Amino acid sequence: MRKLVKYYLLLLVLFNCKALISQSQNPRFQNIDSLKAVLKTAKEDSNKVKASYWLARNYQRFSSDSLYITKRDLYMDTAIKYAKFALELCDKISFRTKGFCLGLLAEFYLNSNPPESLKYHYAALKVFQADGNQLAVAN
């Protein structure tokens, strides 16, 4: 019986190690690594805004795929951080994707903080209406 428990624990440890190693080789994580590299090297221009936006999107996908609540919260917090960074950059360089960044933040806060989500939705709507983007207003 003791041998069986030892083998079970050994398999459990090996399985967890394999999961950690395979996580770093996951193509989705490689995409995040590439976007982070672009974020570090890019000047404060539209490429940096786009990289931040897509980093936020990728972390959002991880949060919805994660089985563990702590990881889910960590990924969502990271997604919000990158989305807010993209929004700040949009304001700073007057880039026209500000409405999409606001919409992304609204989507992130939808379940956890509905009033905050509504605030971001209205702000995105105002930006889209000012830009004359009727397709985005309709969505």
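Cys 90 is buried, with a relative accessible area of 2%. In this predicted model, the sulfur of Cys 90 lies 3.9 Å from the closest cysteine sulfur, that of Cys 101, which is too far for a bond. Cys 101 belongs to the buried residues of helix H5, and H5 also gives the most residues to the lining of the second largest pocket.

**Cysteines**

- The structure holds 0 disulfides.
- A disulfide needs two cysteine sulfur atoms within 2.5 Å, and the sulfur of Cys 90 is 3.9 Å from that of Cys 101, so the two are too far apart for a bond.

**Helix H5**

- Helix H5 covers residues 98-109, which makes 12 residues.
- At 1.5 Å a residue, H5 should span 16 Å, and its end C-alpha atoms are 17 Å apart, so the two values agree.
- The buried residues of H5 are Gly 99, Cys 101, Leu 102, Leu 104, Leu 105, Ala 106, Phe 108 and Tyr 109.

**Second largest pocket**

- The volume of the second largest pocket is about 360 Å³.
- This pocket is lined by 16 residues, and those closest to its centre are Gly 99, Gly 103, Phe 128, Ala 136 and Asn 139.
- Two or more lining residues come from each of helix H3 (46-65), H5, helix H6 (114-131) and helix H7 (134-138).
- H5 gives the most to this lining, with 5 residues.
- By residue class, the lining of the second largest pocket divides into 9 nonpolar, 5 polar and 2 charged residues.

- Arg 57 lies in helix H3.
- Arg 57 has a relative accessibility of 17%; the limit for buried is under 20%, so Arg 57 counts as buried.
- Beyond its neighbours within four places in sequence, Arg 57 is in contact with Leu 104 and Glu 107.
- Leu 104 is one of the buried residues of H5.
- Asn 58 is also in helix H3.
- With 9% relative accessibility, Asn 58 counts as buried.
- Asn 58 is in contact with Asn 31, Ile 32 and Leu 35, leaving aside its neighbours within four places in sequence.

**Loop between H4 and H5: Ser 94**

- Ser 94 sits in the loop between helix H4 (69-93) and H5.
- The phi angle of Ser 94 is near 55°, a positive value in a residue other than glycine.
- Ser 94 counts as exposed, at 65% relative accessibility.

**Loop between H6 and H7: Asn 133**

- Asn 133 is found in the loop between H6 and H7.
- The relative accessible area of Asn 133 is 26%, so this residue is partly exposed.
- Asn 133 touches Phe 100 and Phe 128, not counting residues up to four places away in sequence.
- Phe 128 is among the lining residues closest to the centre of the second largest pocket.
- Asn 133 and Gly 99 are 34 residues apart in sequence, while their C-alpha atoms are 9.7 Å apart in space.
- Gly 99 is buried in H5 and is also among the lining residues closest to the centre of the second largest pocket.

Conventions: Residues numbered from 1 in each chain as written. Predicted model: local features only at pLDDT ≥ 70, side-chain atom pairs only at ≥ 80, totals over all residues. Heavy atoms only, no water. Helix = DSSP H or I, 4+ residues; strand = E, 2+ residues; numbered from the N terminus. Expected span 1.5 Å × (residues − 1). Buried < 20%, exposed > 50% of the residue type's maximum accessible area, 1.4 Å probe, protein only. 1 Å grid on protein atoms, 1.4 Å probe; cavity = no way out; pocket = protein on both sides within 12 Å on 5 of 7 lines; lining within 4 Å. Points joined across faces, edges and corners; volume = space filled by probe spheres on them. Nonpolar A, V, L, I, M, F, W, Y, C, P; charged D, E, K, R; others polar. Contact = heavy atoms within 4.5 Å.
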